[in-house]
Amino acid sequence: MCSKKIGPLREQYSIKDFHSERVSPPLNFTDDHRTCATCFNQLKIVEKYAKDDVEQDKKERFEDLKSRVDQYKPMWDKNGVIQYKDEFVAILQRAWGVQVEFIIAYSDLTKDGYQLMAIDEGKSGGQSSGGFTGGVNSYYYFQKIQYVK
Ligand SMILES: [Zn+2]
């Protein structure tokens, strides 16, 4: 990589060293290729920083989500038939005892141009529903059609 004359065997790094130290080898690095210690450590450091960057990005993305919770919470109704709705997405909750309300909300969303994208059946059984099965909440995820690609 640095075109420096490579030193004795113990200062050479082969594909095996890359694997054992979990460093990504350079492009087109074959079994016959070797790098010097300097290049190997350079790659190792670069990779470490890249990994740190990824972790930092994840942290920042989550912090961003957290910082916007208060802004979105007013549209959130944990136990509501319309559990969440904004101009892009909506989540309906189907629960025991509110079937007709659920149908009305479903109809309204369809009329307003939302399309059902996914259904989460929720946990089956669980909760003390007094032997009643199938009545556990399920969730319906909608997206406004104009935003569906
Ligand atoms: Zn080198």
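Which residue forms a salt bridge with Asp112, and how many Å apart are the closest N and O atoms? The partner is Lys85, and the closest N and O atoms of the two residues are 3.8 Å apart. The legends below describe this contact and other close-up views of a predicted model.

View 1. Asp112 is partly exposed, at a relative accessible area of 38%. Lys85 is also partly exposed, with a relative accessibility of 32%.

View 2. The relative accessibility of Cys2 is 34%, which counts as partly exposed. Cys36, in contrast, is buried, with a relative accessible area of 8%.

**View 3. Four strands form an open sheet with antiparallel pairing.** The strand order is β3-β4-β6-β5. Strands β3 (82-85) and β5 (114-120) stand at the edges with a single partner strand each, so one side of each has no neighbour in the sheet. Direction ignored, neighbouring strands are turned by 20 degrees against each other on average. Strands of a sheet pair through backbone hydrogen bonds, in either a parallel or an antiparallel manner. Between β5 and strand β6 (residues 138-144), the antiparallel pairing extends over 6 bridges. Gln115 stands opposite Gln143, a residue of β6.

**View 4. Helix α4 lies across the strands β3, β4, β5 and β6.** The helix comprises residues 99-111. Its direction is at about 160 degrees to that of β4 (89-94).

**View 5. Glu21 and Lys44 meet through their side chains in a salt bridge.** The N to O distance is 2.6 Å. Glu21 lies in the loop between α1 (15-20) and β2, and Lys44 lies in helix α2 (residues 37-67), so the contact ties together parts that are 23 residues apart in sequence. Glu21 is partly exposed, with a relative accessible area of 36%. Lys44 is likewise partly exposed, at 33% relative accessibility. A search of the whole structure finds 7 salt bridges.

**View 6. Arg68 and Asp64 are joined by a salt bridge between their side chains.** Here the N to O distance is 2.7 Å. Arg68 is partly exposed, with a relative accessibility of 31%. The corresponding value for Asp64 is 35%, and this residue also counts as partly exposed.

**View 7. Phe18 and Phe29 form an edge-to-face aromatic pair.** A pair of aromatic rings is described by the distance of the centres and the angle of the planes. For Phe18 and Phe29, the centres are 4.9 Å apart, with 65 degrees between the planes. Phe18 lies in helix α1 and Phe29 in the loop between α1 and β2, so the pair ties together parts that are 11 residues apart in sequence. Phe18 is buried, with a relative accessible area of 0%. Phe29 also counts as buried, at 14% relative accessibility. Ring pairs link Tyr13, Phe18, Phe29 and Phe40 into a cluster. In the whole structure, 8 aromatic pairs are found.

Notes
Residues numbered from 1 in each chain as written. Predicted model: local features only at pLDDT ≥ 70, side-chain atom pairs only at ≥ 80, totals over all residues. Heavy atoms only, no water. Buried < 20%, exposed > 50% of the residue type's maximum accessible area, 1.4 Å probe, protein only. Pairing = 2+ DSSP bridges. Helix = DSSP H or I, 4+ residues; strand = E, 2+ residues; numbered from the N terminus. Axes fitted to C-alpha atoms, helices over the stretch in contact; angles between N-to-C directions. Contact = heavy atoms within 4.5 Å. Salt bridge = Lys/Arg side-chain N within 4 Å of Asp/Glu carboxyl O. Phe/Tyr/Trp six-rings, centres within 6.5 Å; stacked < 30°, edge-to-face > 60°.
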